[in-house]
Amino acid sequence: METSNRELQAAEYLERHRIKELVSYLTSALLFFRPEKPREYLISLLERLRIAKVTGVAFPFFMDNSNIVAMFEMMDSSGRGTISFVQYKEALKTLGLYTEDGDLKDDGHIITLDKFKEEVNKRMKEICEKTKGKDSESYQTAAGLLLLH
């Protein structure tokens, strides 16, 4: 009986702190981006998540291609295979991949699924590259933040 009580407590703990979701997210990001230094990448990712939580700044959501396609299809309700620039810009904002001071310009072209996937993937990779935490100071910061929670 004690074992099942411990298992129940452990399951409740994992659920309360959303650990399963976090581990799933980290694993998905790791497999999607396949960084050369996976441990350092995970530390950097956790650091960015923590900073986003503390500052209230949106953290870019990880999306695989099936999620990107599903999002595009929701916006393309008529099934034309295109979305408007306004829809495109709002989708990037929702994903945390665009800010008002961003460099996105409406060139008058329609946005196809391929263009949408290319842009989402490009922006996710750019953000990850910028915040990989290549110097020792950022690793110390990440370790410190992990110890605070």
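**Briefing: a predicted chain of helices and strands**

Leaving aside neighbours within four places in sequence, E119 is in contact with Y88 and L92, where contact means heavy atoms within 4.5 Å. The model is predicted: local features need pLDDT of at least 70, side-chain atom pairs count only at pLDDT 80 or more, and totals for chains, interfaces and linings use all residues. Residues are numbered from 1 along each chain as its sequence is written, and side-chain values use heavy atoms, with hydrogens and water left out.

**Confidence**

- The protein chain has a mean pLDDT of 75, and 70% of its residues reach 70 or more; pLDDT is the predictor's confidence in each residue, from 0 to 100.
- The pLDDT is below 50 over residues 133-149, a stretch that has 19 contacts in the model beyond near neighbours in sequence.

**Overall architecture**

- The protein chain contains 7 helices and 2 strands, and the pattern along the sequence is α-α-α-α-β-α-β-α-α.
- Helices (H or I, at least four residues) and strands (E, at least two) are DSSP runs, numbered from the N terminus.
- Of the 149 residues in the protein chain, 30% are buried; buried means under 20% relative accessible area, exposed over 50%, and partly exposed in between (1.4 Å probe, protein chains only).
- The accessible surface of the protein chain comes to about 10,400 Å², and 55% of this belongs to carbon and sulfur atoms; the areas come from the Shrake-Rupley method with a 1.4 Å probe, and for residues only the protein chains shown count as cover.
- Among contacts in the protein chain between residues at least 6 apart in sequence, 67% join residues at least 24 apart.

**Helix α2**

- Helix α2 (residues 19-33) has 15 residues, which at 1.5 Å a residue should span 21 Å; its end C-alpha atoms are 21 Å apart, in agreement. The expected span is 1.5 Å times one less than the number of residues.
- Y25, L26, A29 and F33 are buried in α2.
- Exposed residues K20 and L31 are carried on the face of α2 turned away from its buried side.
- R34 follows α2 and has a positive phi, near 45°.

- In helix α5 (residues 85-94), the buried residues are F85, Y88, A91 and L92.
- Seen down the axis of α5, its buried residues fall within an arc of 125°, so they line one face of the helix.
- V86 and T94 are exposed residues on the face of α5 turned away from its buried side.
- S84 lies in the loop between β1 (82-83) and α5, and counts as partly exposed at 32% relative accessibility.
- The C-alpha atoms of S84 and I110 are 5.9 Å apart, although the two are separated by 26 residues along the chain.

**Helix α6**

- E119 is found in helix α6 (residues 113-130) and is buried, with a relative accessible area of 6%.
- The side chains of E119 and R123 are joined by a polar contact of 2.6 Å. A polar contact is a pair of N or O atoms within 3.5 Å; within protein, one must be able to donate a hydrogen and the other to accept it, and residues adjacent in sequence count only if both atoms are side-chain atoms.
- K122 also has its place in α6, and counts as partly exposed at 39% relative accessibility.
- K122 and L97 are 25 residues apart along the chain, and their C-alpha atoms are separated by 9.8 Å.

Technical notes
The arc is that of the directions from the helix axis to the C-beta atoms.
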